[in-house]
Amino acid sequence: MHAGNGQSHPIDNSRQLQRKLYLAAKKCRNRRFHALYDRIFRPDILWRAWQEVKANRGSAGVDGVSLEEVERQGVASFLEAIRADLKAGTYQPRPVLRVYVPKPDGRQRPLGIPTVRDRVVQQACRIVIEPIFEANFQNHSYGFRPRRSAAQAVRAVDKVLLRGWWVVDADIQRYFDTMDHELLLTLVKRRVSDRRVLKLLRQWLKAGVMEEEQWRATEVGSPQGGVISPLMANIYLHVLDRYWTNQFSGLGTLVRYADDFVIVCRSKMAAQRALEEVRQIMKKLRLTLHPTKTRLVEMNREGFEFLGFHFHKRTDRKTGHLLPYFGPGQKAMKTVRSKVRQITDRGRKRLPLARIVDDLNPVIRGWRNYFSVGNSTKKLKDLDRYVWLRARKSFLANQGNRGGRQRAGFPTWFERSGVEHFYQPGVCGTGFERSRKKDNRQAV
């Protein structure tokens with residue numbers, strides 16, 4: 001599986017393949033690719049797939065085999081067994097393991113965890129076929145794509161809001177659970193004609209889910225949590241993207257991140273028509289917009305949330321013009337406060353303070369990295385104050401009732417504790433603020 005001395009690294013080989021497939025698909029947008037399956041079980045592709053699955057971590061599937069167990073038993077033999085099954089055509093995926101994760105509103109989000117073996121095969125398949133579809137994907141699609149991010153999506157929304165006054169805030173009801181399998185495979189066939197690849201995709205869609213030791217068939221949908229699911233989701237909603245680019249872009253600007261999207265329009269009439277056109281496209285895709293969560297937003301009166309950020313307009317003190325602003329939304333603030341509160345709860349007072357700091361820092365770091373764009377300074381500082389108060393309670397609980405001397409010692413301990421900050425001067429929002437000054441001059 002490893003490259004020998006003097007040979008190019010396997011990842012370099014796989015990237016060369018991706019580049020060739022992308023350029024070929026870009027050159028001829030209607031070409032259907034047929035010789036793909038054998039490339040999925042190439043040793044360099046499987047090795048890269050393993051590395052990427054390992055980097056994403058994740059727990060074991062229905063077979064109970066974890067990433068650590070694969071490494072103990074030997075990665076080379078694990079990948080060779082996969083290669084032999086794929087080459088012989090005997091590979092059969094296992095059902096995904098159904099688990100639930102809590103949502104900020106108290107409900108639970110269903111996730112499907114494939115086995116490590118199936119995740120590797122899915123990732124290998126994705127490495128091979130993704131460049132073909134990337135050649136067609138539209139620029140306004142940002143979710144789960146190479147070199148694209150949520151930060152780029154929210155900046156795109158902020159930019160078009162300079163001249164946009166009405167927004168279609170759309171929500172697809174149970175998107176991942178309701179994708180039509182046959183329609184999805186028909187869309188894949190527009191670019192892939194290799195029957196063995198299509199068989200793989202169908203097997204994953206029909207593998208079913210295991211919940212409380214009971215198997216349940218999956219007639220529609222693609223479980224969230226599968227490695228291949230994000231690509232399948234983008235292929236499915238590429239229909240919306242193409243319709244919008246080719247027929248309705250004059251109504252407003254579409255910005256999409258996976259199944260979350262907004263359309264920024266200049267007038268109420270354009271927004272109303274945009275919403276109606278989206279409903280018609282959803283019918284073609286056999287999807288439904290959520291009846292209460294989908295709405296029209298008048299930006300000079302209210303705001304909306306997109307990818308965890310709250311967007312609104314307010315009067316600029318220097319120019320007197322209404323300008324767009326965005327920062328962490330209420331749900332995001334509530335969620336991170338809840339995490340901080342759980343980590344610093346009195347029930348953990350017997351833990352070493354260093355352990356609490358180690359648990360806090362990844363939460364702070366991840367949240368800061370995501371929300372450092374936009375107009376987030378005030379809320380980041382608010383969270384720093386909240387962490388200070390919660391850390392103080394943890395410190396005092398850990399020290400016990402020892403009087404004012406311990407309270408007086410907290411500032412020194414906190415300064416030396418290594419607790420990270422949500423707000424970092426010179427990092428959070430600075431590049432965005434510089435670009436905003438230029439955009440503001442062009443807003444009117």
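Strand β3 (residues 166–171) and strand β8 pair in the antiparallel sense over four bridges. Two strands count as paired if DSSP finds at least two bridges between them. This is a predicted model: local features need pLDDT of at least 70, side-chain atom pairs count only at pLDDT 80 or more, and totals for chains, interfaces and linings use all residues. Residues are numbered from 1 along each chain as its sequence is written, and side-chain values use heavy atoms, with hydrogens and water left out.

**Sheet**

- V168 has L296, in β8, as its bridge partner.
- The open sheet has four strands in the order β6-β7-β3-β8, with antiparallel pairing.
- Its edge strands are β6 (253–257) and β8 (295–298), and each pairs on one side only.
- From one strand to the next, the twist averages 20°.
- Strands (E, at least two residues) and helices (H or I, at least four) are DSSP runs, numbered from the N terminus.

**Helices on the sheet**

- Helix α11 (residues 229–248) packs on the sheet and touches β6 and β7 (260–265). The direction of α11 makes about 175° with that of β6.
- Helix α12 (residues 268–284) also packs on the sheet, touching β3, β7 and β8. The direction of α12 makes about 145° with that of β7.
- Contact means heavy atoms within 4.5 Å.
- Axes are lines fitted to C-alpha atoms, for helices over the stretch in contact; angles run from 0 to 180 degrees between N-to-C directions.

**Aromatic pairs**

- Rings of Phe, Tyr and Trp (its six-membered ring) pair if their centres lie within 6.5 Å; planes under 30 degrees apart count as stacked, over 60 as edge-to-face and the rest as tilted.
- By this rule the count is 20 aromatic pairs. One of them is the tilted pair W367 and F371, at 4.2 Å centre to centre and 35° between the planes.
- Both W367 and F371 lie in helix α14 (residues 353–371), four residues apart, about one turn of the helix.
- W367 is buried, at 12% relative accessibility, and F371 is buried at 5%. Buried means under 20% relative accessible area, exposed over 50%, partly exposed in between (1.4 Å probe, protein chains only).
- W413 and F414 have ring centres 6.4 Å apart and planes at 55°, so this pair is tilted.
- W413 is partly exposed at 22%, whereas F414 is buried at 12%.
- F304, F309, F311, F326, W367, Y370, F371 and F422 form one aromatic cluster.

**Charges over rings**

- R314 lies over the face of Y325, 3.8 Å from the ring centre.
- R337 lies over the face of Y386, 5.8 Å from the ring centre.
- The rule asks for NZ of Lys or CZ of Arg within 6 Å of the ring centre and within 35 degrees of the ring normal.
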